[in-house]
Amino acid sequence: MNILVTGGAGFIGSNFIYYELKKHPDDRIVCLDALTYAGNFDTLSAAMEHRNFRFVHGNIEDRRCVDKLFGEEHFDIAVNFAAESHVDRSVTNPETFLITNVLGTQVLMDACRKYGIKRFHQVSTDEVYGELPIDRTDLFFTEAAPLHASSPYSASKASADLFVLAYHRTYGLSVSISRCGNNYGPYQFPEKLIPLMITRALDDQPLPLYGKGDNVRDWLFVEDHCAAIDIIMRKGRSGEIYNVGGNNERSNIDVVRSILTALNKPETLITFVADRPGHDKRYAIDSNKVMTELHWRPNTKFDDGLSQTIKWYVDHEDWWQRILRDNYIK
Ligand SMILES: NC(=O)c1ccc[n+]([C@@H]2O[C@H](COP(=O)([O-])OP(=O)(O)OC[C@H]3O[C@@H](n4cnc5c(N)ncnc54)[C@H](O)[C@@H]3O)[C@@H](O)[C@H]2O)c1
């Protein structure tokens, strides 16, 4: 198999590349990444040593670059991680989200059609469903839940999903979509909740927490997510959406308290800040479809995954300190 991974210098994409190189060492992986602020070439340094890995610096909405790459490589599968992914940034600059997340997805699918690819897999999010009430713990998002995006980020992901399904229906393109909860694990850019709190706590900086910190997310360890995508893109039915949840619902404040306890830091570091506009209260995922059809399971309990993640950030201070320094300079 020759597999295109877009956005592979980011958090989930890089973990996915390492997962694939280990699980399917004979498959070829080509990473296309624009190396935006969120992309980090250092993350892929071990992959660069692998005989079946190629990195291409380029933009998914650059039709000429995408077309040339597809012409050279004749991919079997393309999996699209490339995106603007931070909700806060979408509140201040929605346009780049529309361009990358919607237009970029469409450009990739045009190339998939032209070069007769076997499967286009779109990595989406549970945020397309909007929010659930905190006090209705009996409610979960199924794949049939209506789209109800709250932020420009989730609106762009929902729009891209609609294009993916439309390309399947109109042109017969073989597609699948996975919608997952909040991921955590190694190589996550330190603007997202868990790495932000770990890195700030390690530096004894205040930990800014939105509102009362009572928003609930379903946390998914990144390796479990990679395993789900691997099965869905190879064996999932074309034209289908698969929800992928970790079965680990936690409020933000509970997550932050666990991090402080693990690092032996005081709770006085927590600083409540004005809530994010349109902040969704609760996400909770029903993953029955991927579990019954494709026999995927989330293997990592939240406490174990969080300990592994904290240890990774403690052991890889160079990695995140360099990112903080570079972003401060920019
Ligand atoms: N992180 C999560 O918790 C989460 C949850 C649900 C869904 N997702 C989805 O998973 C995917 C990956 O998320 P992530 O957290 O790894 O994101 P990330 O921000 O860490 O990485 C995004 C990567 O895409 C690259 N990129 C951005 N614009 C590009 C463009 N125009 N062309 C080529 N490359 C470009 C960046 O350089 C970066 O390497 C995204 O589609 C996101 O919407 C993430």
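This is a predicted model: local features need pLDDT of at least 70, side-chain atom pairs count only at pLDDT 80 or more; totals for chains, interfaces and linings use all residues.
Strands of a sheet pair through backbone hydrogen bonds, in either a parallel or an antiparallel sense. For S7 and S9 (residues 216-221) the sense is parallel, and the pairing extends over three bridges. Within this pairing, Asn182 has Trp219 of S9 as its bridge partner.

Helix H7 spans residues 193-202 and is mostly covered, with seven of its 10 residues buried. The buried positions are Ile194, Pro195, Leu196, Met197, Ile198, Thr199 and Ala201. After H7 comes Asp204, which has a positive phi, near 55°.

The loop between S7 and H7 contains Glu191, which takes part in a contact with helix H4 (residues 87-92). Glu191 and Arg89 form a salt bridge in which the closest N and O atoms are 2.8 Å apart. Because Arg89 belongs to H4 and Glu191 to the loop, the pair ties together parts that are 102 residues apart in sequence. Glu191 is buried, since its relative accessible area of 13% falls under the 20% limit. Arg89, at 32%, is partly exposed.

A second pair that links distant parts of the chain is formed by Lys118 and Asp76, which are 42 residues apart. Their side chains meet in a salt bridge with an N to O distance of 2.7 Å. Lys118 is located in the loop between H5 (94-114) and S5 (119-125), whereas Asp76 is located in the loop between H3 (63-73) and S4 (77-80). The two partners also fall into separate accessibility classes: Lys118 is exposed, with a relative accessible area of 53%, while Asp76 is buried, with 16%.

In the salt bridge between Arg237 and Glu240, the closest N and O atoms are 3.6 Å apart. Here Arg237 counts as partly exposed at 43% relative accessibility, and Glu240 likewise counts as partly exposed, at 21%.

Salt bridges also join into a network, which links Glu20, Lys23, Asp27, Asp230 and Arg234. Side chains of opposite charge can pair in this manner when their charged atoms come close. For the model, the count comes to 26 salt bridges, given the criterion of a Lys or Arg side-chain nitrogen within 4 Å of an Asp or Glu carboxyl oxygen.

Key: Residues are numbered from 1 along each chain as its sequence is written. Side-chain values use heavy atoms; hydrogens and water are left out. Buried means under 20% relative accessible area, exposed over 50%, partly exposed in between (1.4 Å probe, protein chains only). Helices (H or I, at least four residues) and strands (E, at least two) are DSSP runs, numbered from the N terminus. Two strands pair if DSSP finds at least two bridges between them.
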